[in-house]
Amino acid sequence: MEDLPEALSAEIVARITRTSDLNSLSLVSKWLYTNEAYQRSTLCVGCGLCPAREALTSLCSRFPNLWKVEIDYSGWTSDCKKLVSFRLISAPEITSSGLLTVAVGCKKLSTLHIINCDKLESKEWLEYLGWNGSLEELVLKKCNEINQYDDLLKFGPGWMRLHKFDFETKFRYWCRDNFDPLYNAHNPSRYDFCCENLNDLRLARFGTGTEVGLRFLLGKCKALEKLFLGYVDGLNDNDMIALSQSCSNLTSISLRLTVQFYDFSSRTAFTDDSLEALANSCPLLEAVELTFYGVSTAYRSEIGFTQRGLVVLLQSCPIRFLVLNGAYFFNDDGMKALSTAQCLDT
């Protein structure tokens with residue numbers, strides 16, 4: 001193949017999609033080894049990456065045009081100037097200094113997923129990405145050392161560029177982290193920044209205090225289209241009303257709720273007031289999931305929603321997809337109302 005025109009040989013290599021075939025091809029000749037490496041744009045690396053620091057430096061040198069790397073291992077460094085997507089999964093030895101190296105070295109990084117990494121004590125990397133980076137998608141899940149107050153607020157102006165944000169703690173919400181020691185009710189500017197480009201928001205398994213924490217996002221995301229709230233402790237109708245008034249483009253909402261304590265009573269976080277706010281202000285809403293966990297059939301009043309509130313939502317919005325789990329308030333009359341919903345498909 002060395003005698004073929006460069007453009008033709010490059011086209012032949014580009015048409016080979018199986019990784020095993022590409023690896024075999026690179027062993028045929030030195031020319032094919034170089035050509036295949038130059039065209040490789042994505043790479044998935046597993047537990048064979050050892051020692052990680054030297055191995056990744058070698059990988060970035062061999063594959064100069066990488067734009068996406070997925071790593072399921074620990075310990076790395078990078079200077080991949082073309083890298084735009086990076087996923088770090090179950091890497092117990094990764095530290096903040098390592099992530100800072102990524103932030104500084106990968107100027108075009110737009111997607112960052114960090115999942116189940118517990119040694120990220122310092123957050124200079126997050127602050128650097130917020131002030132100097134170009135992140136559009138940020139996923140932080142099951143990382144014990146990242147909290148919703150000081151740490152995520154350090155992201156600063158980075159919130160303005162984000163299109164997708166996913167935050168989930170490792171434990172259930174009753175491992176509370178719902179107090180911001182620096183919050184001043186008379187000077188709430190600590191939470192006064194813009195996230196108007198955020199259109200996909202997922203929050204799960206943590207507690208948030210009154211007027212503080214990640215609940216501030218719910219009233220600021222004017223471009224929001226997809227919302228997932230899973231077992232977030234401390235939210236109430238005021239948050240959902242603020243959301244509906246700000247997010248007229250909302251098309252999908254998923255609420256996974258469990259019983260909490262409100263005014264000396266036990267119930268789920270939201271009531272019919274939330275459903276009515278969505279019905280009145282979200283004319284594009286077409287996908288709804290309502291899941292209730294830990295509610296007994298003997299205590300149906302612990303569910304804050306009623307059948308009437310759900311019917312109002314169905315009659316007001318063009319809902320095509322509806323998922324109900326543990327919705328013990330829903331009966332035969334509710335099924336009749338579903339049969340009259342003009343847009344409902346599933």
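**Figure 1. Glu168 and its salt-bridge partner.** At 8% relative accessibility, Glu168 counts as buried in this view of a predicted model. Glu168 forms a salt bridge with Arg205, and their closest N and O atoms are 3.7 Å apart. Glu168 belongs to strand S6 and Arg205 to strand S7, so this pair ties together parts that are 37 residues apart in sequence. Arg205 itself is partly exposed, with a relative accessible area of 27%.

Figure 2. Asp166 counts as buried at 7% relative accessibility, whereas Arg202 is partly exposed at 21%. Take a look at the whole group, too: Asp166, Glu168, Arg202 and Arg205 are linked in a network of salt bridges. Arg202 has a further contact, as its charged end sits over the ring of Phe228, 4.5 Å from the ring centre.

Figure 3. The side chains of Asp151 and Lys123 meet at 3.6 Å, N to O. Asp151 is in helix H7 (residues 150-153), and Lys123 is in the loop between strand S4 (111-115) and helix H6 (124-132), 28 residues apart. The structure's count of salt bridges comes to 11.

**Figure 4. An aromatic cluster.** Phe155, Trp159, Phe165, Phe167, Phe206 and Phe216 form one aromatic cluster. A search of the whole structure finds nine aromatic pairs. One of them is the edge-to-face pair of Phe155 and Trp159, 5.6 Å centre to centre with 85° between the planes. Both Phe155 and Trp159 are buried.

**Figure 5. Tyr231 paired with Tyr293.** These two rings form an edge-to-face pair, 6.0 Å centre to centre and with 70° between the planes. Since Tyr231 lies in strand S8 and Tyr293 in strand S12 (residues 287-293), the pair ties together parts that are 62 residues apart in sequence. Tyr231 is buried at 13% relative accessible area, while Tyr293 counts as partly exposed at 47%.

**Figure 6. Inside the largest cavity.** Tyr231 turns up again here, among the lining residues that also include Leu229, Val232, Arg256 and Phe270. Strand S8 (226-233) and strand S9 (252-258) are the elements that give two or more residues to this lining. The lining residues divide into six nonpolar, two polar and one charged. About 50 Å³ of space lies in this cavity, and the structure holds two cavities of 30 Å³ or more.

Conventions
Residues numbered from 1 in each chain as written. Predicted model: local features only at pLDDT ≥ 70, side-chain atom pairs only at ≥ 80, totals over all residues. Heavy atoms only, no water. 1 Å grid on protein atoms, 1.4 Å probe; cavity = no way out; pocket = protein on both sides within 12 Å on 5 of 7 lines; lining within 4 Å. Points joined across faces, edges and corners; volume = space filled by probe spheres on them. Helix = DSSP H or I, 4+ residues; strand = E, 2+ residues; numbered from the N terminus. Nonpolar A, V, L, I, M, F, W, Y, C, P; charged D, E, K, R; others polar. Phe/Tyr/Trp six-rings, centres within 6.5 Å; stacked < 30°, edge-to-face > 60°. Buried < 20%, exposed > 50% of the residue type's maximum accessible area, 1.4 Å probe, protein only. Lys NZ or Arg CZ within 6 Å of the ring centre and 35° of its normal. Salt bridge = Lys/Arg side-chain N within 4 Å of Asp/Glu carboxyl O.
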